Amino acid sequence: MPGMLGSLDVTKVHWKNCPTALKGQFQGQEKCATISLEAVSDQNLWFWHDGNVPRCWNRCYGNHEQIDHRFTLDGKDSNKLYYLVDCIYPSLSRFLGPENDPKTHLDGSFKVDQEAACKDVEHGYGVLKLKFWH
């Protein structure tokens, strides 16, 4: 999709080798130690991530003016690059979330394209989980 920096998402991963002293801090509803991974991925399975989530958030909606450029998206001209996100993320200028109720055929087809592009990061997490956590 034009102007897209990547898909941003978060996933929980079972932490099999969590030290006993830390298990209580990382145990939630799952009754086992888990960690949350937040990353940006593109269609080529390139990942950009940071173990420190606040720093990753600063990168996600920080200063992108150096790389911004003009593009057309959904018939509208823009010059502000964006991340595709799902409904768990807040409404920020750099986050393009799903259209809940598309009113026109163009909005509906854009929603389908957007959902397909958002699958990039979910696919990437699946590959990582198979490679490192199974």
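Which elements each supply at least two residues of the lining of the largest cavity? They are β1 (4-14) and α2 (105-132), where helices (H or I, at least four residues) and strands (E, at least two) are DSSP runs numbered from the N terminus.

This is a predicted model, in which local features need pLDDT of at least 70 and side-chain atom pairs count only at pLDDT 80 or more, while totals for chains, interfaces and linings use all residues. Residues are numbered from 1 along each chain as its sequence is written, and side-chain values use heavy atoms, with hydrogens and water left out.

The structure holds one cavity of 30 Å³ or more; a cavity is a set of points, on a 1 Å grid over the protein atoms alone, where a 1.4 Å probe fits but cannot get out, and its lining residues have an atom within 4 Å of a point. The space in the largest cavity is about 30 Å³, a volume being the space filled by probe spheres set on the points, which are joined across faces, edges and corners. Its lining consists of S7, L8, D9, L84, V85, D86, C118, V121 and E122.

The largest nonpolar core is made up of nine residues, namely M4, F71, L73, L81, Y82, L84, F110, A117 and C118; such a core is a set of buried Ala, Val, Leu, Ile, Met, Phe, Trp, Tyr and Cys residues joined through side-chain atoms within 4.5 Å. At least two residues of this core come from each of β4 (71-73), β6 (82-84) and α2, and α2 gives the most, with three residues. Apart from this core lies another, of six residues, among them L8, V40, V85 and Y89.

Leaving aside neighbours within four places in sequence, Y82 is in contact (heavy atoms within 4.5 Å) with residues including M1, P2, F71, L73, R94 and L96.

Relative accessibility is classed as buried under 20%, exposed over 50% and partly exposed in between (1.4 Å probe, protein chains only).

| Residue | Relative accessibility | Class |
|---|---|---|
| T34 | 13% | buried |
| C18 | 6% | buried |
| C32 | 24% | partly exposed |

With a disulfide taken as a pair of cysteine sulfur atoms within 2.5 Å, the count comes to zero. C18 is in no disulfide, because the sulfur of C32 lies 9.8 Å from that of C18, its closest cysteine sulfur, which is too far for a bond.

How values were computed
1 Å grid on protein atoms, 1.4 Å probe; cavity = no way out; pocket = protein on both sides within 12 Å on 5 of 7 lines; lining within 4 Å.
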